[in-house]
Structures are given as structure tokens and as C-alpha cells.
Amino acid sequence: MSLWNTLPAEEEVLADPGEPADPISAADDNERADLHAYRQARRRARVRRFGIGALGLAALVVLWEVLALIISDPVFLPSVSQTVASFAHYFTHPYPSQGKPLWYDALTSLRRVLIGFAAGSAIGVALGAGMSSSRLVRHAIDPVIEVLRPLPPLAFIPLFIIWLGIGEMPKEVLILIGVAPVMAVTTVAALDEVPEDLRLCARTLGATPRYTMLRVQIRSALPGILTGMRISMAGAWTSIVAAELIAATSGLGYLIMQAGDYLNTALVFSGIISIAILGLGLDACLRGLLLLADPSRRR
Amino acid sequence: MAAPLADTTVVPGTEVVIDSVGKTFRRGGRRTVALAGTSLRVRAGELVCLLGPSGCGKSTLLRIIAGALPADEGTVTVGGRPVSGPSPDRGMLFQTPMLFPWLTTRSNILFGPRAQRAARLHERDDPELDAEAAALLDRVGLTGFGDAFPHELSGGMKHRAAFARALATRPSLLLMDEPFGALDAITREKMHEFLLDIWAQHRTTIIFVTHDIEEAILLGDRVAVMGGQPPGIGEVIDIPLGRPRSALDTDTEVFLNARRRIRGLLRS
């Protein structure tokens with residue numbers, strides 16, 4: 001089993017079930033006599049959920065600090081304040097063994113992820129659209145994807161080094177090779193899910209076939225495609241950091257490896273936290289797009 | 001809730017002539033006759049129900065009239081013109097409301113007019129369309145919900161929004177495919193009155209598909225009972241109930257007679 005395959009399941013577990021999909025559709029019309037009040041109530045519920053989530057994170061930080069105080073060995077477990085100080089220092093000052101500050105490594109990893117992710121998404125969505133619209137293309141490409149999908153992208157690292165050298169290209173291709181099959185599969189699923197009657201409905205309202213394709217079928221599949229992007233983005237971070245741990249001279253994975261070799265545990269934590277922040281940031285961007293594309297998730 | 005619409009939005013119903021229509025599906029070498037030699041003449045402004053069990057060809061016939069399926073035999077003409085594909089003259093309502101979930105109620109209602117404008121079928125500007133959307137929202141009792149998204153509406157409200165969207169293209173014929181089948185009994189009764197109320201004002205021709213005998217009798221001027229092998233329209237029953245009708249009419253002698261007769265036809 002590769003990481004890629006476990007990701008969708010993980011996503012399901014992590015997803016907040018929140019309220020039922022359509023909590024009051026069975027209720028009487030009177031209950032939603034006022035749309036404004038209804039939306040405000042949902043907004044309050046959202047703020048409350050956010051507050052509870054923040055409490056959970058705060059509890060984790062407190063637990064960390066208490067454990068660090070008890071153990072009081074900064075090599076085994078640095079305290080929160082030591083980690084923050086280390087992060088602040090090395091963010092702008094180069095780490096001696098490596099010669100570059102943290103921001104440079106973070107930017108390097110981010111660039112690799114974004115390039116590989118963008119190329120992989122474009123290829124995957126194009127493949128998925130082709131597979132959804134033509135039976136022939138689907139039957140030809142499907143087995144290729146099914147063979148590639150369960151393979152851990154990391155297994156390709158030596159191959160890419162032999163074929164593409166040790167520059168940026170092999171790292172970006174590594175991400176692409178993980179992202180593209182996931183995007184192809186989710187795009188096909190999203191396009192297939194658009195009900196036949198939704199298209200017929202658009203046609204009986206006077207939409208041309210082309211207008212229906214663009215404004216109904218593709219538009220309707222957009223939330224599913226964006227969800228696929230969130231899933232493959234998480235996978236992209238996994239493979240880039242792993243690749244940098246093994247075969248790179250820059251990037252957050254490399255920084256973490258170097259810091260570990262020199263027993264600078266606070267810097268290891270700083271690298272991990274940087275990955276978490278970047279991963280959360282990119283996911284927040286995609287989530288924002290998803291909320292724009294699918295109003296029913298705004299709750 | 002029934003404010004009458006401006007005269008311009010009311011289009012008189014058209015006559016529908018279904019002439020010996022047949023349809024056979026072929027899948028993997030197997031042929032299934034879905035409809036054979038089916039004829040029916042629906043008068044302009046009439047409300048006809050197609051009633052029958054699953055697999056009697058009623059949805060197939062509706063889709064042929066809509067232009068979503070081509071007939072293998074026979075022809076369908078609407079207002080004297082043969083059907084060759086989907087058209088906004090023939091509005092359709094489905095079992096689920098089929099609202100576009102990413103559009104507000106107002107934008108859902110205006111989907112048709114905007115799509116037609118994109119196809120250069122008319123040149124009505126935005127203020128004019130907005131005014132029409134406001135009138136339609138009012139007409140279906142959704143004033144104040146123009147900015148709501150479909151997931152913020154109740155089941156009945158969604159169906160009324162879909163109704164307004166279908167009316168926005170000013171169809172002369174409405175095709176309804178078990179539109180209230182998924183609603184609870186009370187909401188359903190309200191939707192029946194709502195439908196009859198709108199129809200009383202618009203006099204659009206309506207072909208209404210259902211497998212519910214009481215719904216067919218309550219709504220229809222006539223009920224076309226479908227079934228048989230190969231499937232098609234059997235007898236067409238006149239329903240001599242007066243108008244306006246309501247759920248109270250289900251206890252009358254006329255209603256019970258019609259029900260007995262149709263039940264007999266469906267069993268034979």
C-alpha cells in the first residue's frame with residue numbers, strides 16, 4: 001500500500017461531519033422564514049467549531065511544554081520556547097552545516113511542490129476529461145493508471161536520478177507522477193457523477209450543447225476536482241520531503257536531515273512546523289476555492 | 001401568494017400530437033421494446049396524466065416528447081412542429097428539483113433566459129431579467145429567497161424554485177416526470193394545489209407522468225393508462241371533476257368511480 005492510497009480514507013476520517021448535509025430540508029418552510037437569521041445561526045455554529053479546534057491545538061502545545069519541562073533534555077525534546085527561538089533565529093540566519101537560512105529551504109520545497117502539483121493537476125484533469133468523454137480513451141488509459149496509482153512515488157527516485165540527473169527536474173517529476181493519477185481518477189469520478197438529467201434540464205432551458213458542457217457539466221464537477229486537488233496536495237508534500245531527505249542538497253527535508261545529524265532537535269521541530277504551516281496554507285487556499293465553487297459547504 | 005404575472009410572460013398552451021410512436025432499446029444484442037404504436041392527442045391547455053407502473057414506457061414517452069430521446073417509429077408534433085431535440089418551448093420538471101447547486105434561486109430562475117441570450121435568441125437586458133426573476137419568485141412564494149442557495153431551501157421550496165425556473169423560458173408545454181414523488185404527503189398536497197393554481201392562470205399544456213392513481217385523477221383532465229406488452233397507452237379516461245379541485249375532491253363519487261375504473265384497467 002502506498003501513501004497515496006491511504007490518503008482519501010484519511011481525508012474522510014479527518015473531515016468534520018458537522019451537521020447533516022441538509023439539516024432542515026424536512027422542516028416546515030416557516031422555520032426558514034428569514035434567510036438572514038438562518039445564515040447568522042450557521043455562522044455562529046462555524047465560529048464555535050473553530051474555537052473548539054483552536055482549544056485542541058492549544059492543548060497539544062501545553063502537553064508538549066509540560067513533557068519538555070519534565071524531561072528537561074533539549075536534545076531529546078526541546079521546549080516550545082526553545083523551538084520558537086530556534087525557528088526565529090534560523091529563519092533568517094543560515095544553518096552552519098548547510099549555509100542557507102530556513103526561509104530559503106521552505107521556498108525551495110514550496111516551489112518544487114507548486115510546479116509539480118500544477119503540472120500534475122493539469123495532466124491529470126486533461127486525462128480525466130478525455131477518459132470521461134470517450135469510452136475508447138477510458139479503456140486505454142484506465143489500466144495504465146491502475147498500475148501506476150498503487151506504486152509509491154518514492155520508488156521512482158533512483159530512476160529519475162538516472163534519467164533526469166540531480167537538479168530540480170527529477171523532484172518536480174516525482175510530484176507530478178504522484179499527483180496526475182489521483183487527479184485523473186477524481187476528475188473522471190466528478191464528471192461521471194453529473195446527473196444525465198441535469199444536462200437535459202439545461203438543454204430544455206434553452207442552453208446549447210456547448211453552453212451545457214461548460215456551464216453545467218464542468219461547473220458541476222468542479223467541487224469534486226478541487227477535493228481531488230486537496231487530497232493530492234497532501235501527497236505531494238509527503239513525497240517532496242521524503243525525496244529531500246534522501247536525495248537533495250536543499251529544501252525542508254534536507255534541512256531536517258542536517259539538523260538531525262547535528263542533534264539540533266529544535267531545528268528539526270522548526271522544519272516540521274514549517275511543513276505543517278505551508279501544508280495548511282496551501283490546503284486553506286484550495287479549501288477557499290472549494291467553498292467558492294460549492295456553496296453547500298459554507299456552513 | 002398568487003400575484004398574477006405580467007401578460008407578456010403568459011404563453012398559451014399548444015396542442016401535442018403523438019402519432020404511432022415506438023421505441024426499442026438495444027443493449028448487448030438484446031432488444032427491449034419500451035414503447036410500441038402509441039398515439040395520443042393532447043389539446044392546447046389541457047392537463048393529461050400518463051399513469052402506469054414502472055417499465056410501462058411513460059418516462060420514455062415523456063423523454064421522446066422532450067426531444068431527449070429520438071423515436072424509432074412515428075412522430076411527435078408540438079404546436080404543429082415536429083420534435084427534433086430539446087427546446088425551451090417544452091419545459092421539463094424532474095423527480096428531483098435538479099436545481100444548479102452553485103447558483104442562487106434567482107440565478108437558477110434566470111439560467112434559461114441567460115443561456116438563450118448567450119445563444120442570441122433574445123436581447124433582453126439584465127434589469128429586465130431581474131424584474132422577471134422578482135415576479136417569478138413572488139409568483140411561487142419565494143420572495144426574500146432570491147439570494148438563497150438550493151441547500152438553504154426546504155424540499156417544497158426547491159420544487160417551487162424549479163417550477164419558476166421552468167416558467168422563465170415561457171414554455172407552451174410543461175413535461176413533468178413524477179415531480180412530487182419524493183415529497184412527504186403533506187408537502188405533496190400543497191404542491192398539487194400550487195400546480196393547479198399556476199396552471200389555472202397560465203393554461204400551459206401539461207403532460208404529467210405519475211404512478212399514483214389518486215394524484216393522476218386529482219390533477220388530470222384526462223388520464224392515459226399505460227402498460228401492456230409491448231408497452232403503450234391503453235385507455236384514456238375522462239375525469240369529469242369540476243375545477244378548481246382540491247384534496248377534498250378525493251371523497252366524491254366521481255373520484256371514487258374513476259379510481260375503481262383505473263384500478264381495474266391496471267390489474268387487467
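In what order do the elements of chain A run from the N terminus on? They run α-α-α-α-α-α-α-α-α-α-α. The points below take this predicted model chain by chain and then turn to the contact.

1. Make-up of chain A. Chain A has eleven helices and zero strands. Of its 299 residues, 33% are buried. Among the contacts in chain A with a separation of 6 or more, 72% are between residues 24 or more positions apart.

2. Confidence in chain A. The average pLDDT of chain A is 86, and 89% of the residues score at least 70. The stretch to set aside is residues 1-28 of chain A, where pLDDT stays under 50. For that stretch the model has 27 contacts beyond four places in sequence. Where pLDDT is low, predicted coordinates should not be read in detail.

3. Domains of chain A. The domain assignment divides chain A into domain 1 (23-72) and domain 2 (77-297). Taken over C-alpha atoms, the centres of domain 1 and domain 2 of chain A are separated by 28 Å. Domain 1 of chain A puts seven residues into the contact and domain 2 of chain A puts in four. On the side of domain 1 of chain A that touches domain 2 of chain A, six residues are nonpolar, none is polar and one is charged.

4. A residue in helix α2 of chain A. A:V61 is located in helix α2 (residues 35-71) of chain A. Is A:V61 buried or exposed? A:V61 is exposed, because 10 other C-beta atoms lie within 10 Å of its own, and a residue with 12 or fewer counts as exposed. A:D294 is 233 residues from A:V61 along the chain, and the C-alpha atoms of the two are separated by 34 Å.

5. The antiparallel sheet of chain B. Four strands of chain B form an open sheet, in the order β2-β1-β4-β5, with antiparallel pairing. Its edge strands are β2 (30-42) and β5 (81-82) of chain B, each of which pairs on one side only. Inside the sheet, strand β1 (residues 16-27) of chain B is joined by five bridges to strand β4 (residues 73-78) of chain B. B:I18 has B:V76 in β4(B) as its bridge partner.

6. A helix across that sheet. Helix α1 (residues 58-66) of chain B lies across β1, β2 and β4 of chain B.

7. The parallel pair in chain B. β6(B) pairs with strand β7 (residues 173-177) of chain B in the parallel sense, over four bridges. Opposite B:R90 stands B:L173 in β7(B). Which residues of β6(B) point the same way as B:R90, and which the other way? B:M92 points with B:R90, while B:G91 and B:L93 point the other way, and all are buried.

8. Contact between the chains. Chain B brings 32 residues to the contact and chain A brings 25 residues. On the side of chain B that touches chain A, at least two residues each come from β6 (90-93), α3 (111-118) and α5 (155-167) of chain B. The largest share of that side, five residues, is from α3(B). By class, the side of chain B that touches chain A has 19 nonpolar residues, nine polar and four charged.

Key: Residues are numbered from 1 along each chain as its sequence is written. Chains are lettered from A and ligands numbered from 1 in the order in which they are written. This is a predicted model: local features need pLDDT of at least 70, side-chain atom pairs count only at pLDDT 80 or more; totals for chains, interfaces and linings use all residues. Two residues are in contact if their C-beta atoms, placed from the backbone, lie within 7 Å. Ala, Val, Leu, Ile, Met, Phe, Trp, Tyr, Cys and Pro count as nonpolar, Asp, Glu, Lys and Arg as charged, and the others, Gly among them, as polar. pLDDT is the predictor's confidence in each residue, from 0 to 100. Two strands pair if DSSP finds at least two bridges between them. Axes are lines fitted to C-alpha atoms, for helices over the stretch in contact, and angles run from 0 to 180 degrees between N-to-C directions. Domain bounds come from an automatic or database domain assignment. A residue is buried if 20 or more other C-beta atoms lie within 10 Å of its own, exposed if 12 or fewer, and partly exposed in between; C-beta atoms are placed from the backbone.
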